[in-house]
Amino acid sequence: FYNNGHQISLLTVEMRRNIQSSAKNVSYATMSLDVNTTASYIDAAEADFDKLEEGIKYLKENFRGDQALVDDIAKTLQEAEPFKEQVFVLAKENKSRQASNLFFDSLEPYYLKAQDDLMKISDSAKVSADSDFKESQSVMTLIEVVIVIFQILGAVAAIVVASMITKSIVKPVKEIEKAAGEMSKGSLHVDLSYQSRDELGSLANGM
């Protein structure tokens with residue numbers, strides 16, 4: 001539940017945030033008239049793309065759902081790369097209108113498609129997380145039942161052992177007590193059937 005479904009859900013949220021941040025920085029770069037500011041927006045957008053690539057790598061290694069969705073996102077970002085570079089070139093040349101048009105006409109659709117695929121992965125991860133959670137709940141219930149059964153068996157075993165120990169002590173003691181009673185009445189014709197190597201056996205032999 002935690003290592004897969006939960007983490008994948010968090011990652012897809014972060015990746016969607018990175019896409020939004022990248023789109024924002026690219027669009028800002030197309031509107032900026034200052035070369036240094038434009039460069040900083042471009043660097044920020046590239047950093048967002050680098051995080052997206054790290055996220056895709058993690059999804060390929062850990063996502064248990066349809067890997068075709070992950071491949072689609074990777075393909076979408078790869079296809080968006082040339083348009084992104086063209087937008088950056090135009091932005092650096094202060095061709096704001098052309099850069100903006102290229103962004104909205106050609107680049108933004110790729111961002112939106114990647115967002116949709118990430119939503120599908122998130123939904124799939126949620127289903128997986130719910131399934132794992134329910135399974136863990138079932139296992140926990142089963143373990144609780146097993147523990148209760150072992151407790152009952154342990155209690156029964158303790159009662160049986162205690163009963164056997166009690167009988168092994170009480171029976172010879174009563175037999176010896178009966179023999180002592182007969183002897184106190186003057187009857188020396190007493191047989192003790194109890195035999196053992198413990199202290200009670202020694203007492204019976206002495207009697």
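Are H2 and H3 roughly parallel or roughly antiparallel to each other? Please keep in mind that this is a predicted model.

1. Let's take the helix pair. The axes of H2 (residues 35-62) and H3 (residues 67-92) cross at roughly 170° and come within 11 Å. An angle over 145 degrees counts as roughly antiparallel, and H2 and H3 are therefore roughly antiparallel to each other.

2. Next, who makes the contact? On the H2 side the residues include Ile42, Phe49, Leu52 and Lys60, while H3 contributes, among them, Val70, Leu77, Glu81 and Phe88. Sorted by class, this contact of H2 with H3 has twelve nonpolar, two polar and seven charged residues.

3. With 28 residues at 1.5 Å a residue, H2 should span 40 Å, and its end C-alpha atoms are 41 Å apart, which agrees.

4. Buried positions in H2 are Thr38, Ile42, Ala45, Asp48, Phe49, Leu52, Gly55, Ile56 and Leu59. For background, an α-helix has 3.6 residues a turn, so residues three or four places apart point the same way.

5. Do look at the start of H2 too: a side-chain oxygen of Asp34 reaches to within 3.2 Å of the backbone nitrogen of Asn36.

6. Finally, Thr12, which lies in helix H1 (residues 2-31). Is Thr12 buried or exposed? Its relative accessible area is 0%, so Thr12 is buried. The Thr12 side chain reaches the backbone oxygen of Ser9 at 2.8 Å. Beyond its neighbours within four places in sequence, Thr12 is in contact with Leu118, Ile121 and Ser122.

Definitions and conventions: Residues numbered from 1 in each chain as written. Predicted model: local features only at pLDDT ≥ 70, side-chain atom pairs only at ≥ 80, totals over all residues. Heavy atoms only, no water. Helix = DSSP H or I, 4+ residues; strand = E, 2+ residues; numbered from the N terminus. Buried < 20%, exposed > 50% of the residue type's maximum accessible area, 1.4 Å probe, protein only. Polar contact = N/O pair within 3.5 Å; in protein donor to acceptor, adjacent residues only side chain to side chain. Contact = heavy atoms within 4.5 Å. Axes fitted to C-alpha atoms, helices over the stretch in contact; angles between N-to-C directions. Parallel < 35°, antiparallel > 145°, perpendicular 65-115°, else oblique. Nonpolar A, V, L, I, M, F, W, Y, C, P; charged D, E, K, R; others polar. Expected span 1.5 Å × (residues − 1).
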